Amino acid sequence: MMDHQATFQLQPLSCPSCIQKIEKMLVRTHGVHSASVLFHAGKVKVSFDLLQITAAELRKRIEKLGYPVQTVREGAGSA
Amino acid sequence: MIRWIDSKRRSLTGLSGSLILAAFAFHFADLKIWQATMLLTATLIASVPIALHAVQAARMRLPSIELLVTIAIIGAIIIGEYWESAIVTFLFLLGEYLEFRTLSKTRSALKELIESAPLEADVIRDGGIFTVAAEDIRSGERVIVRSGGKVPADGTIVFGRADFAEAALTGESTPVGKTVGDQVLSGTLVDNGYAEMLAEQVGADTLFAKMIERIEEAQEAKSKTAKLLDRFARFYTPATVAFALLVYVWTRELHMAITFLVVACPGALVIGAPASSVAGIGNAAQKGVLIKGGDAMNRLAQADTFVFDKTGTLTLGKPEVTMIETLERIDQNELLRLAATVEIASEHHLGRAIVRAAEKRGIEKGSPPANVHIHKGLGIQAHIEDRQLTIGNRKLMQTELVALSESVLTYAEKREREGHTVVFAAVDGRLAGLFSIADPIRGDAPAALDELKRLGVRKFIMLTGDHRHTAERVAARLGLDEFHAELLPEDKAAFIEKLKAQGRIVAMAGDGINDAPAISAANIGLAMGGGTNTAMETADVVLLADRLESLPRAYSLARATVRNIRQNITLAIVTVAALLIGILAGTIHLAAGMFVHEASVLLVVLNAMRLARYDRKNKDKRPPAHVQWKKTEVDVVKEM
């Protein structure tokens with residue numbers, strides 16, 4: 001299992017229901033191990049399997065849900 | 001297209017609002033058709049972004065509040081309630097906008113911090129000066145810092161001198177002069193001067209970046225209340241759906257069922273507690289205090305007993321060797337050289353004092369020691385240049401069977417009564433000399449303790465591995481209720497457990513590795529920012545500014561935050577309960593319900609916003625009734 005991490009910076013979030021929406025969507029996505037939304041920082045941290053999905057694909061899915069991504073930072077799994 | 005609509009949200013909200021006002025005018029002019037047209041147009045305009053989000057979520061097979069509202073609107077239009085549909089959509093958008101505006105205020109403290117992060121840097125590469133983005137600096141590269149600029153990486157000054165203001169990191173704004181060999185940290189402001197530094201940590205590895213990340217995570221770390229609310233929300237949402245269905249089956253009124261669904265959304269309940277802790281944590285961060293989450297905030301507010309480590313917490317932790325006594329066999333500088341070489345391996349304050357003393361005298365250290373063994377809370381042993389060195393306190397000498405003569409003990413006790421810590425040094429199992437080390441009390445300690453007492457803390461206790469006489473002097477000077485000396489790290493932790501068993505809520509403040517067990521045993525652990533990483537990682541609260549005076553500030557802020565959370569939860573529960581009863585009684589309709597619902601969300605966020613500006617000086621002026629300025633055992637100590 002290749003553990004890979006990516007942090008997506010979104011525009012500021014305002015509704016707490018967004019957290020559940022985004023997290024649920026990501027966790028359901030094939031290849032994603034875990035996802036957490038930092039509500040107040042407007043960030044999404046995802047740990048996923050690089051063999052099954054890429055950060056660019058994750059970005060597309062987040063944007064498709066209605067949350068434009070500003071920047072993406074990638075790194076091998078540390079935390 | 002979708003982005004365009006999202007970016008036009010504000011204009012759409014404004015447009016639908018003015019159409020509703022126009023409809024209101026037509027209502028009085030008795031132009032029914034015009035009124036209906038206006039209202040329908042308003043509904044349509046405002047429902048575009050709502051329906052859009054509903055569809056986006058539905059496509060991913062996720063339910064959303066937008067979907068509920070969209071269903072409610074369609075329902076309202078079908079039954080001809082145009083007023084209702086227009087006002088509900090308008091309020092939904094307006095509420096979202098206002099929430100966003102106010103929430104960003106509660107987040108402002110952290111945002112300011114993030115914005116003070118350095119962006120660009122001038123580096124010297126291949127003999128030329130280049131401007132690069134701060135995260136593109138390579139570790140080991142030479143970076144130029146000028147007055148007015150920001151330090152772009154963590155590193156050491158290798159040329160020049162400058163004054164640095166570390167406000168972003170510690171909340172302390174007075175600039176500090178630094179020169180060759182001094183450490184500088186990313187995010188600090190160069191007040192004036194010119195210097196060149198070697199970058200060591202860059203980008204996300206700098207202390208500044210790590211601190212921001214920790215604060216971001218702290219703001220998300222949920223308090224027990226928040227976790228409870230989360231669990232509550234998990235069954236609450238399906239429960240309301242089921243209940244709404246029940247209402248429909250019972251009353252056959254689709255309208256009432258939908259109203260029930262929309263209004264029952266636990267908006268204020270979900271956002272109330274987190275908004276307060278975010279504002280509180282942000283405010284604390286600006287004052288140089290890192291509080292790791294809402295739960296830590298809660299426990300800090302409840303603490304009634306404060307326990308302090310002595311060295312590095314109540315004192316400056318920069319002890320100095322004031323005197324070296326040697327027995328005939330060895331020369332003073334030679335003993336200092338041996339001791340300093342061994343103590344290089346130690347992280348202990350006293351060990352560092354010995355190393356510093358050697359550096360000050362310009363003594364070259366010997367070859368690295370072998371078989372280093374650190375006895376926590378006792379001292380250190382190592383093999384060096386074919387000699388066995390044992391450096392530490394009395395206990396270590398006893399366990400290692402180093403004989404201490406009557407005259408040595410009398411001398412040591414005399415030095416200790418004068419406020420020194422005495423460190424014994426033995427070579428090959430025989431005592432070779434004594435180091436007298438003194439460590440001054442922090443200047444802000446008395447005021448900080450007084451302030452905590454005024455805020456209602458009942459008991460102050462000091463724990464130290466140091467000798468009894470030294471501890472006694474510090475305790476007497478600061479007017480502590482109790483002190484316990486000559487403790488091992490596990491003794492400190494055991495003592496904390498004992499206090500907890502007595503029903504006290506214990507805060508433990510420390511700075512060293514040896515304090516870490518006690519810090520984690522306490523109900524709430526605090527670490528000094530100048531201390532070791534272990535202490536800072538273990539603690540729930542870090543005084544980044546490394547000043548004790550920020551402790552009472554954090555304490556009163558934590559209390560204010562907990563009060564604020566309670567107010568918000570009460571407000572939210574009362575509102576939802578009143579609304580649901582009103583709906584079931586048939587006195588509240590969708591638009592009014594929506595209005596009250598959105599208003600309650602705004603109210604809790606506004607209430608939380610007060611915390612972002614909370615300043616200790618305006619509040620808590622009167623001392624709580626139970627504080628008694630009683631004279632304690634300290635008097636007894638003074639007479640000794």
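These legends describe close-up views of a predicted model.

Local features need pLDDT of at least 70, side-chain atom pairs count only at pLDDT 80 or more, and totals for chains, interfaces and linings use all residues. Residues are numbered from 1 along each chain as its sequence is written, chains are lettered from A in the order in which they are written, and side-chain values use heavy atoms, without hydrogens and water.

**View 1. Chain B meets chain A.** Chain B brings 27 residues to the contact and chain A brings 22. Contact means heavy atoms within 4.5 Å. The size of an interface is often given as the accessible area lost when the parts come together. Here the buried area is about 2,300 Å², and carbon and sulfur atoms give 55% of it. Buried area is the accessible area (1.4 Å probe) that two parts lose on being put together, summed over both. There are zero salt bridges between the two chains. A salt bridge needs a side-chain nitrogen of Lys or Arg within 4 Å of a carboxyl oxygen of Asp or Glu.

**View 2. The side of chain B that touches chain A.** Elements giving two or more residues include α1 (2-7), α3 (32-59) and α11 (267-286) of chain B. Helices (H or I, at least four residues) and strands (E, at least two) are DSSP runs, numbered from the N terminus. α8(B) gives the most, with five residues.

**View 3. The largest nonpolar core.** This core has 74 residues. A nonpolar core is a set of buried Ala, Val, Leu, Ile, Met, Phe, Trp, Tyr and Cys residues joined through side-chain atoms within 4.5 Å. Buried means under 20% relative accessible area, exposed over 50%, and partly exposed in between (1.4 Å probe, protein chains only). L300(B), F306(B), F308(B) and L452(B) have the most contacts inside the core. Helix α23 (residues 550-584) of chain B gives the most to it, with seven residues.

- F306(B), F308(B) and V457(B) are among the contacts of L452(B).
- F460(B), L551(B), P552(B) and Y555(B) are also among them.

View 4. Most residues other than glycine have a negative phi. N371(B) sits in strand β11 (residues 370-375) of chain B and is exposed, at 64% relative accessible area. E385(B) lies in the loop between β12 (379-384) and β13 (387-392) of chain B. At 32% relative accessibility, E385(B) is partly exposed.

Terms used:
Lists of a residue's contacts leave out its neighbours within four places in sequence.
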